[in-house]
Amino acid sequence: MIEPFVDAAWVRANPGVILADTRCYLDGRSTREAYDAGHLPGAVYVDLDGYLAAPATPEAGRHPLPTPEAFAAGLSAAGIGDGATVVAYDDAGGVMAARLVWLLRSIGESAALLDGPLGPLDDTGTVVPAPATFTPRPWPADRLATIDEAAAGAVPVIDARPADRFRGENETIDPRAGHIPGAVSVPCRDNVSDGALLPVPELRARFEAAGLRAGEDFVAYCGSGVSACHNLLTAEHAGFDGGRLYPGSWSQYASTDRPAATSI
């Protein structure tokens, strides 16, 4: 298994790697149009909404985990087969592409996020994926947390959303404002500065301040289970590999009558 983050030099030194463009926009912009307008040379297109999430429902949230069969079919169509090494990127510091990387790593596949500024997305050529077969495998239960486990607070629970949404301000996406009581705000976008991951000592300090300890369990969530994957990968990179994803995240929790907190 490769490290959860690799840089452009690593990619150049490993020519068999599959680059995956996994941009995703919450404002309705077309990711396919963005890919066609320009992507990293040779990168394949991976549709987060189409391949990496099931349809949204109030009961399951905005980005429920895809079925293993849908995930496998999407990756096969993108030219990603069993045993491939995938390096994913987006134009948001990796917070969206992290979903693909975390899903692959959770089932033992080799995947990483591209660390560092992207450089020009100047390839507008059509990339025809090579034939590939990705075998469906169940999502491992020990890498996931339920809504009850996230709400129980028996282990540290970290929230990857921006701090204002954590505090209950400027909520324009989900049914209610606030956060899961007892959760700690660790905005995933703050893991990155100028397109590059912060140094490990700084990352370690961030997660330790949130209550994480090496080798111990913790739960990560966000708005819909996507950007929380960036916190999980970053925490692993910093030495905290006991994390579990709460897939429904705030979009599921906020659709219930469970209590919400709005203070730090």
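Analyst: Two strands are taken to pair if DSSP finds at least two bridges between them; strands (E, at least two residues) and helices (H or I, at least four) are DSSP runs, numbered from the N terminus. On that basis, strands 7-6-10-11, in this order, make up an open sheet of four strands with parallel pairing. Its edge strands, strand 7 (184-185) and strand 11 (243-245), each pair on one side only. Within this sheet, three bridges join strand 6 (residues 157-159) to strand 10 (residues 218-221) in the parallel sense, and Ile158 lies opposite Ala220 of strand 10.

The model is predicted: local features need pLDDT of at least 70 and side-chain atom pairs count only at pLDDT 80 or more, whereas totals for chains, interfaces and linings use all residues. Residues are numbered from 1 along each chain as its sequence is written, and side-chain values use heavy atoms, with hydrogens and water left out.

A further open sheet has five strands in the order 1-5-4-2-3, again with parallel pairing. Strand 1 (5-6) and strand 3 (44-45) are at its edges with a single partner strand each, so one side of each has no neighbour in the sheet. Strand 4 (residues 85-89) pairs with strand 5 (residues 110-114) in the parallel sense over four bridges, and Ala88 stands opposite Leu113 of strand 5.

By an automatic or database domain assignment, the chain comprises domain 1 (5-114) and domain 2 (141-255). The contact between them (heavy atoms within 4.5 Å) draws 22 residues from domain 1 and 27 residues from domain 2. Their centres, taken over C-alpha atoms, are 20 Å apart.

The buried area, meaning the accessible area (1.4 Å probe) that the two parts lose on being put together, summed over both, is about 2100 Å², and carbon and sulfur atoms give 66% of this. On the domain 1 side, Phe5, Arg62 and Trp102 supply 36% of the area buried against domain 2, more than any other three residues.

Two salt bridges cross the interface (a side-chain nitrogen of Lys or Arg within 4 Å of a carboxyl oxygen of Asp or Glu) according to the rule. Arg105 forms a salt bridge with Glu236, and their closest N and O atoms are 2.8 Å apart. Helix 5 (residues 98-106) gives the most to the side of domain 1 that touches domain 2, contributing six residues.
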